[in-house]
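Please go through the model below chain by chain.

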Amino acid sequence: MSMTDVKNLEELFQAKIDAELKIEPKDWMPDAYRRTLVRQISQHAHSEVVGMLPEGNWITRAPSLKRKAILLAKVQDEAGHGLYLYSAVETMGTSREQTIDDLLSGKAKYSSIFNYPTLTWADIGAIGWLVDGAAIMNQVMLCRTSYGPYARAMVRICKEESFHQRQGYEIMAVLAKGSPAQKEMAQDALNRWWWPSLMMFGPTDANSPHSAQSMKWKIKRQSNDELRQTFIDRTVQQAEVIGLTIPDPDLKWNAETKHYDWGTIDWTEFNNVVAGNGPCNKERLAARNKAHNNGAWVREAAVAYAAKKAKRKQAA
Amino acid sequence: MSNALFTYTLRLADDLLILSQRLGEWCGHGPVLEEDIALTNRALDHLGEARNLLTYAGQVEGKGPASAKATAGPRSEDDLAYLRLERQFTNVKLVEQPNGDYAHTIVRSFLFDAYHLPLMQALTKSSDAQLAAIAGKSVKEATYHLRHSSEWLIRFGDGTEESHQRAQAALDNLWTYTGELFESDAVLEEMTKAGIAPDIAAIREAWSKTMDQVLSEATLKRPADAFMMTGGRKGLHSEHMGFILAEMQHVTRAFPGVEW
């Protein structure tokens, strides 16, 4: 293909995106678009799967059977989201095995938020309310992302995530109006999860070099800072309703901008956790590797049995 | 009568609650993502059925003689799950056995599912309307559970040499816990006589038939019925039980009397 042909294809591709048409797996797309999406969708898939660990951690200890059932259903949803998203990556020509190998070797990233520990029951509430709440801001935007399979997966995922967010908020609400010890547990969880949740939106726009290209391709439609601000505005009010305090002394309503002004994210902490030095980075990766290695004989048995069965069918 | 019905319902509930608790331990650690989903799904089904049964047990107990009551009102599902001690749990020892490798988890479920499905099918005809209704809701799930564990056992038995050995080892290890599923005592006799519980011998026959069918297809050897463990129904458990309950109950017990 000549350079002119590629240029024409790129123009056609961009025209399609500008016209709000979805890009489908068989359509031509620039290599960089494909690479960006494979990276983004696989990171998203890994986040769902690694995210099962801090929450799964509390299934056996949930303090009522109703909460145990809700948590089981929620973590099961996360596994399902992981599956859709690995399939979405496969539509771009990267196999699930390869994608998972990249996670296990530490090459691929997942959301850093899951490198924080779940220390008390209230953390399950905080994760639903804040972490899923922050994730939804991104995911609602991604329902309109330019790559068709990703957008369609997100529509399904968003429906379930909004249920997750509500159940998390409800856990917090019950704790906040419970005994003093319960309220203290809820406030402590909010204190620990607030800033890491804000970090989930990524670097500030000024420090996010790929954002402009992603916006042009309509992979992203809102900037990190815009999404973060919307999340803060919404969540501050939710905290007020249940009587919990956001751990930010600089938080203040700004009547002029009609938004909350707020403090500063500790980017040193953010960079540290991304670099692998968060409280649980090693544990999370070790747990995934252990599950994968212990499951090797199970997957081999399934393949061997399927092959035997196919052979018998052929012989019959 | 209501005492026996309470005990019988509690036994049904405890088997499912403890098995669900064990399966929940797998969450996020399964051999493949699809199995993570299948296991949490099972844990959720068992838990749902256990909750219905525990709630009913509490209601039955509430109507019983005052001496049977531990608290003022009828005990709730959470009172029964979180505030009883080891010796008051009446599940069979099979369900409290550790997850082990995936072969042990699958075999444990297979041995239980092959009992649970015919039990639920028969229980739909119980003279106790509430138990019949709970069983009616469970049959579809129990059918899927048995299919799931049977299919994996066949894959293991007829898969690789390693999977075959692991499945046979799990079967040999866990077989000793199957006798307890079919034990009879005064409680069960009273329930069977009243048309509430099905004839356990018939359930055993159905179970045995499933064993032969599935194990033969899996090319696995059915272990001989040697010594069978007992005690669970009387609250005599393995040492695992205390740890299961410590983990399950500690938050609830640390904050007595609050809402969650």
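The sections below cover the two chains, their interface and a few single residues.

## Ground rules

This is a predicted model, so to speak of local features requires pLDDT of at least 70, side-chain atom pairs count only at pLDDT 80 or more, and totals for chains, interfaces and linings use all residues. Residues are numbered from 1 along each chain as its sequence is written, chains are lettered from A and ligands numbered from 1 in the order in which they are written, and side-chain values use heavy atoms, with hydrogens and water left out.

## Chain A: fold and surface

Chain A has 12 helices and two strands. Helices (H or I, at least four residues) and strands (E, at least two) are DSSP runs, numbered from the N terminus. Along the sequence, the order is α-α-α-α-α-α-α-α-α-β-β-α-α-α. The C-alpha trace spans about 70 × 55 × 35 Å along its principal axes.

Of the 316 residues in chain A, 53% are buried. Buried means under 20% relative accessible area, exposed means over 50%, and partly exposed lies in between (1.4 Å probe, protein chains only). Among contacts in chain A with a separation of 6 or more, 76% join residues 24 or more positions apart. A contact means heavy atoms within 4.5 Å. Chain A exposes about 14400 Å², and carbon and sulfur atoms supply 55% of that area. Accessible areas come from the Shrake-Rupley method with a 1.4 Å probe; for residues, only the protein chains shown count as cover.

Chain A carries 41 positive and 36 negative charges, whose mean positions are 8 Å apart. Lys and Arg count as positive and Asp and Glu as negative; His and the chain ends are not counted. Each charge is placed at NZ of Lys, CZ of Arg, CG of Asp or CD of Glu.

## Chain B: fold and surface

Chain B has nine helices and zero strands. Its elements run α-α-α-α-α-α-α-α-α from the N terminus on. The C-alpha trace of chain B spans about 60 × 40 × 35 Å along its principal axes. A compact globule of 260 residues would have a radius of gyration near 18 Å, and chain B agrees with 18 Å.

Buried residues account for 57% of the 260 in chain B. Residues 24 or more positions apart give 81% of the chain B contacts with a separation of 6 or more. Chain B exposes about 10400 Å², with 55% from carbon and sulfur atoms. Its 25 positive and 36 negative charges have mean positions 5 Å apart.

## The A–B interface

How many residues of chain B are in contact with chain A? There are 48, and they meet 46 residues of chain A. The area buried between the chains is about 4000 Å², and carbon and sulfur atoms give 67% of it. B:Leu33, B:Asp158 and B:Trp260 supply 18% of the area that chain B buries against chain A, more than any other three residues. Buried area is the accessible area (1.4 Å probe) that two parts lose on being put together, summed over both.

A:Val89 sits in helix H3 (residues 65-90) of chain A. It counts as buried, at 0% relative accessibility. Leaving out residues up to four places away in sequence, A:Val89 touches A:Val38, A:Ile41, A:Ser42, A:Thr94 and A:Thr99. The C-alpha atoms of A:Val89 and A:Ile242 are separated by 40 Å, and the two residues are 153 apart along the chain.

B:Thr9 belongs to helix H1 (residues 2-24) of chain B. B:Thr9 also counts as buried, at 0% relative accessibility. Beyond its neighbours within four places in sequence, B:Thr9 is in contact with B:Leu53, B:Tyr56, B:Ala57 and B:Leu131. B:Phe156 is 147 residues from B:Thr9 along the chain, with 34 Å between their C-alpha atoms.

## Two loop residues with positive phi

Most residues other than glycine have a negative phi. A:Glu20 is not a glycine, yet has a positive phi of about 65°. A:Glu20 is in the loop between helix H1 (3-18) and helix H2 (31-56) of chain A. At 42% relative accessibility, A:Glu20 counts as partly exposed.

A:Lys218 has a phi near 55°, a positive value in a residue other than glycine. It lies in the loop between helix H8 (211-216) and helix H9 (224-242) of chain A. Is A:Lys218 buried or exposed? A:Lys218 is buried, because its relative accessible area is 17%.

Key
The radius of gyration is taken over C-alpha atoms; the globule rule is 2.2 Å times the number of residues to the power 0.38.
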